[in-house]
Amino acid sequence: MVLARYPVTVLAALVLALSVAGGCSRGGPASRSGPVNPVSVENAQAGTLTWRLTEKTTDDIAKQIAGYASATSVNIGEEITFQVTVNPAQDYSIDIYRMGYYQGLGGRLMRHVQDVPGIHQPDCPMDHLTGLVACGWAPGYRLTIPPGWTSGVYLAKLTNAAGFASYIIFTVRDDARHADLLYQQSVTTYQAYNAWPRDTPGASGHPATGKSLYEDGSSLAPIGLGPPRAVMVSFDRPYAKNNGAGDFLDWEFYYLRWLEKSGYDVAYSTDLDTHRNGRILRNYKGFLSVGHDEYWTREMYDNVTAARDAGVNVGFFGADAVYWQIRMAPSAAGVPDRIQVCYKDAALDPVKGPTSTVLWRDPPAARPEQQLIGVQFTSAQPSESAPAAFVPAGVENSLYHGSGATAATPSGHVVGYEADRQFSGSPLPDSVPGTYALLSDSPYLNDDGRIDHQNSVIYQARSGAWVFGAGSIEWSWGLYDDARHHEADPVIQRVTANVLDRFVRPAQP
């Protein structure tokens, strides 16, 4: 550790940080990285609940205040821009929070900016051939990431003078630091489901003009290519879900809080960083995909596979990952990787061959995700269903040590809303003989009205890297208590801790 990197307030918390790093959270181990872990130092700072939206929340009809960032992630020392619209034009404030554990409060205020002049930005045009909605708004605020900030997921809370609030989400990277673990935020999946503007009164129904990659998240008017859904979506627009936070608060935030509470040494990035710079994955002992990580480019698939084959451990703590192939394209202004392309139909896609935007398991892509994850998506639950119980299998596996799990005895309710299982008709990973093991066999009622089964899996690649597939999007709900929705489960916590402990130990070929 270079002490000059950290401000005096952080150094003053060092003693407390070391006690955090040395402790355990209901099954979570201490960091294995050494005596000083920047994430534990950071979480020893005073947290706050003011990141929550207790003000009047904006809507996509009036657009009282909304915004997006010029990039999904930014390295320390680099600049990121917030594009913001305010209706009517008025000043607004920005409160920037790093999200983590922070004594259970979930966030730390990093910067407050008062009296930013707000303007009413123009409506965002839609390309009627593809359904692409891209805003191209003028910059509202420029932020250079200070050297003392810690890599993580950040929320910029925008509040206008009239008291309406919304979020902009972004990730701060630290490309110069080699942590034990690299956490990938799944922004391409956020964007695939992003129906902004979801400009329909009420909580449900099709938006009047907004488009996503899904028919039920798009206006009914067909695009020029035929379907009502878009075949391209843009990062140059706000997220409709969670008032601008995308899907982060649904699944990933629970994992992140448990991870940082447990004292792991972790750095953060997004799947667009995995797309652009796969070699950086080799700077870490483990790579983590969490929650819903459905949309992958060929570069992402290749880069994670290459990292595994170079000895980097890989954890898929979700389900339905690596399901649709996408391509990235520049914005109209020429900024790389701002448009996400997914025709979902080889006949519609003008690009033919291995990068056609179809299911990864289907031709012409023909790379079933089970070859990487060890399992693959099978089905979803009905929308009104609560998560099903996790049923352990193979409890003699060392990943169950200390969990108290017994065979076929249901554990935490974490199976849903989409799940993976082993497919006999798809190839299994190339693994060290005897290491591929199913860790659960959990029955649940799917949205077709039949009983399906969820599987978790572990295997060791020929490089010595371990790969874990949780097989459930809601796995993270078993890690961290949420009094409103779910309770943490000691079996899920211990299995997760045992997986990560295996990751941060030196690989054994």
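Trainee: Which residues does S331 touch, not counting residues up to four places away in sequence?
Mentor: S331 touches D236, R338 and I339. Please keep in mind that this is a predicted model.

Trainee: Where does S331 lie?
Mentor: S331 is in the loop between β16, residues 324-329, and β17, residues 339-341.

Trainee: And is S331 buried or exposed?
Mentor: S331 is buried, because its relative accessible area is 11% and the cut-off for buried is under 20%.

Trainee: Which sheet has β16 and β17 in it, and in what order do its strands come?
Mentor: That is an open sheet of four strands, with the order β11-β17-β16-β14 and mixed pairing. Its edge strands are β11 (232-234) and β14 (295-297), each of which pairs on one side only. On average, neighbouring strands of this sheet are turned by 40 degrees against each other, direction ignored.

Trainee: How many bridges join β11 to β17?
Mentor: Three bridges join them, and the two strands run antiparallel. Within this pair, S234 stands opposite I339 in β17. I339 is also one of the residues that S331 touches.

Trainee: Which helix lies across β14 and β16?
Mentor: Helix α7 does, running at about 80 degrees to β14.

Trainee: Let us change topic. What is the order of the strands in the open sheet of seven?
Mentor: The order is β12-β10-β13-β15-β26-β25-β22, and the pairing is mixed. The edge strands here are β12 (266-270) and β22 (437-438), and each of them pairs on one side only.

Trainee: How do β15 and β26 pair, parallel or antiparallel?
Mentor: Strand β15 (residues 313-319) and strand β26 (residues 466-469) pair in the parallel sense over three bridges. Across this pair, V314 stands opposite V467, G315 stands opposite F468, and F316 stands opposite G469.

Trainee: Which helix packs on the sheet there, and which strands does it touch?
Mentor: Helix α7 (residues 298-309) packs on it, touching β10, β13, β15, β25 (457-460) and β26. The direction of α7 makes about 135 degrees with that of β15.

Trainee: What about the other neighbour of β15; how many bridges join β13 to β15?
Mentor: Seven bridges join β13 to β15, and these strands run parallel. In that pair, S289 stands opposite F316 in β15.

Trainee: How many residues of β15 are buried?
Mentor: Seven of its seven residues are buried, and the strand is mostly covered.

Trainee: And which residues of β26 are on each side?
Mentor: W466 and F468 are on one side, while V467 and G469 are on the other. All four are buried, and both faces of β26 are covered.

Trainee: In which sense do β25 and β26 pair?
Mentor: They pair in the antiparallel sense, over four bridges. Y459 stands opposite V467 in β26. The hairpin of these two strands has five residues between them, and there G464 takes a positive phi near 100 degrees.

Trainee: Why is α5 described as largely enclosed by the rest of the structure?
Mentor: Nine of the 10 residues of α5 are buried, so the helix is largely enclosed by the rest of the structure. Among the buried residues are F253, Y254, Y255 and W258, as well as E252, R257 and E260.

Trainee: What follows α5?
Mentor: G263 follows the helix, and its phi is positive, near 85 degrees.

Trainee: Last topic: how much space lies in the largest pocket?
Mentor: About 1,300 Å³ lies in it. The lining has 49 residues, and K241, N242, D247, D250 and W251 are those nearest the centre of the pocket.

Trainee: Which element gives the largest share of the lining?
Mentor: α5 does, with three residues.

Trainee: And how does the lining divide by class?
Mentor: The lining of the largest pocket has 23 nonpolar, 13 polar and 13 charged residues.

Terms used: Residues numbered from 1 in each chain as written. Predicted model: local features only at pLDDT ≥ 70, side-chain atom pairs only at ≥ 80, totals over all residues. Heavy atoms only, no water. Pairing = 2+ DSSP bridges. Contact = heavy atoms within 4.5 Å. Axes fitted to C-alpha atoms, helices over the stretch in contact; angles between N-to-C directions. Buried < 20%, exposed > 50% of the residue type's maximum accessible area, 1.4 Å probe, protein only. 1 Å grid on protein atoms, 1.4 Å probe; cavity = no way out; pocket = protein on both sides within 12 Å on 5 of 7 lines; lining within 4 Å. Points joined across faces, edges and corners; volume = space filled by probe spheres on them. Nonpolar A, V, L, I, M, F, W, Y, C, P; charged D, E, K, R; others polar.
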